[in-house]
Amino acid sequence: MQDKLSKAGVLTIDLGAMADNYRQFQKVVGADCAVAGVVKADAYGTGLKPVVETLTKLDCPQFFVATLDEAIQLRAINDKTPVAVLGGLYHGAEKEYQARGIWPVLNSPEDIQRWGQLAREMNQALPAILHIDTGMNRLGLSAGESKMVMQSPDLLEGISVQILMSHFASADSQTHPQTQAQADAFAEIMTGFAAPKKSLANSSGTYRNSDYHYDMVRPGYALYGGNPTPETDNPVKPVVSLSARILQIRDVGKGETIGYSATHEFDDDAVCATVGLGYADGFLRSGSSRKTDSGPEAATLFWQGQPCPIVGRVSMDLVSVDLTNINGPRPVAGDSLEILGPHQGVDDLAEAMGTIGYEILTSLGARYAREYV
Ligand SMILES: *Cc1c(COP(=O)(O)O)cnc(C)c1O
């Protein structure tokens with residue numbers, strides 16, 4: 001049976017738009033800078049295999065993933081293009097990286113020590129990326145550790161450093177001073193260290209300043225249609241659309257409530273649709289309707305471009321929306337409503353749910369029928 005018939009939601013991933021977004025990055029950075037593909041978390045929920053296949057056809061020169069497991073999955077799809085594990089060199093798995101041709105991002109002197117030791121044991125130069133922390137304070141060598149490492153050739157013996165990288169914490173904000181401060185720290189730390197390539201910018205960083213491009217940019221979010229410059233129009237194309245079917249239409253009387261905990265009471269008679277979508281599908285519970293000082297707020301689905309606000313709680317498999325104010329013919333059971341599409345992008349839905357589009361994308365559920373176009 002077709003997935004579309006047996007599942008309540010349909011997720012469409014536009015690989016052509018994703019490819020256009022990749023080419024758009026190439027245009028923004030110019031011919032002297034490479035565009036890597038960040039494909040961690042199942043390519044931000046859009047599907048590792050189709051995304052890696054698409055980027056491979058575009059000669060993407062470098063992939064980044066978060067975990068060793070993701071790198072192993074990627075190797076089964078593409079066994080040539082370099083892939084680096086942002087999470088570092090997992091303890092006890094050092095030989096797996098080497099055997100599978102997976103690069104660790106070395107985040108600490110201790111990571112460096114273990115990778116160097118393996119290289120010397122195997123009498124083989126082992127490639128790696130060195131990560132310098134410039135203010136995020138999660139992973140990477142501190143400024144002091146960086147200097148120490150760069151002045152101790154012994155520590156790096158056997159390691160073939162391919163790229164020196166750092167990562168922005170606040171580049172999604174147009175005005176945050178941390179971005180330039182990090183770029184300055186990166187420039188300062190790497191003076192005197194001869195890495196063949198340098199890489200600093202994520203999606204947003206790439207759009208902020210061409211000084212941040214260096215030899216390679218590392219976009220993730222904007223490849224998948226997220227807006228890297230939230231203060232202005234989205235420069236990339238939407239990639240993900242999502243619709244879900246209406247299971248039932250209900251007439252609800254004035255004074256009645258809807259859903260768990262009866263959080264929404266109707267001031268007037270209403271017509272509602274029960275849609276087969278819930279938090280088990282990654283449709284976050286924070287999209288539930290809530291009372292605020294300026295009136296009710298809720299995430300919204302769309303019927304032919306008209307908003308259908310959520311009423312009551314988002315539950316595990318179901319959500320209710322209010323159709324009362326729809327002009328013209330209302331949808332019927334079996335019709336589908338738009339969750340992501342021309343009327344609501346990933347960033348719009350994220351705002352309505354009090355989160356960021358990254359969380360919306362990476363929460364995209366496993367229960368949808370998936371269509372790649
Ligand atoms: C996730 C990640 C990226 C990609 O960031 P986007 O904001 O999604 O473009 C780049 N570099 C590092 C180190 C990351 O962890």
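Trainee: Is Glu-265 buried or exposed?

Mentor: Glu-265 is exposed, at a relative accessible area of 51%. Exposed means over 50%, buried means under 20%, and partly exposed is in between, with a 1.4 Å probe and protein chains only. Keep in mind that this is a predicted model: local features need pLDDT of at least 70, side-chain atom pairs count only at pLDDT 80 or more, and totals for chains, interfaces and linings use all residues. Residues are numbered from 1 along each chain as its sequence is written, and side-chain values use heavy atoms, with hydrogens and water left out.

Trainee: Ok, and where is Glu-265 placed?

Mentor: Glu-265 belongs to strand E13, residues 264–265. Helices (H or I, at least four residues) and strands (E, at least two) are DSSP runs numbered from the N terminus. The C-alpha of Glu-265 is 5.9 Å from that of Gly-255, and the two are 10 residues apart along the chain.

Trainee: How many helices and strands does the protein chain have?

Mentor: The protein chain has 13 helices and 21 strands. Its C-alpha atoms fill a box of roughly 75 × 50 × 40 Å along the principal axes. The chain has 373 residues, and 49% of them count as buried.

Trainee: Let's do the ligand. Where does the ligand sit?

Mentor: In the largest pocket. The pocket search runs on a 1 Å grid over the protein atoms alone: a pocket is an open set of points where a 1.4 Å probe fits, with protein on both sides within 12 Å along at least five of seven lines. A molecule sits in a pocket if more than half of its atoms lie within 2 Å of its grid points.

Trainee: Which residues come nearest to the ligand?

Mentor: Lys-40, Tyr-44, Ser-203, Tyr-221 and Tyr-358, out of 13 residues around the ligand. To count as near, a residue needs a heavy atom within 4 Å of the molecule. By class, that shell has seven nonpolar, four polar and two charged residues. Ala, Val, Leu, Ile, Met, Phe, Trp, Tyr, Cys and Pro count as nonpolar, Asp, Glu, Lys and Arg as charged, and the others, Gly among them, as polar.

Trainee: And what lies 2.6 Å from an oxygen atom of the ligand?

Mentor: A polar side-chain atom of Tyr-358. A ligand oxygen also has a backbone N or O atom of Gly-220 at 2.9 Å, and a ligand nitrogen is 3.4 Å from a side-chain N or O atom of His-167. The ligand exposes 390 Å² when taken alone, and the protein buries 92% of that. Those areas come from the Shrake-Rupley method with a 1.4 Å probe.

Trainee: New topic: what is the phi of Asn-137?

Mentor: Positive, about 60 degrees, although Asn-137 is not a glycine. Asn-137 is in the loop between strand E7 (126–131) and helix H8 (143–150), and counts as exposed at 69% relative accessibility. Gln-304 is not a glycine either, and has a positive phi of about 45 degrees. Gln-304 is in the loop between strand E17 (300–303) and strand E18 (306–309), exposed at 62%.

Trainee: Last one: which helix is Met-150 in?

Mentor: Helix H8. Met-150 counts as buried at 19% relative accessibility.

Notes. Polar contact = N/O pair within 3.5 Å; in protein donor to acceptor, adjacent residues only side chain to side chain. 1 Å grid on protein atoms, 1.4 Å probe; cavity = no way out; pocket = protein on both sides within 12 Å on 5 of 7 lines; lining within 4 Å.
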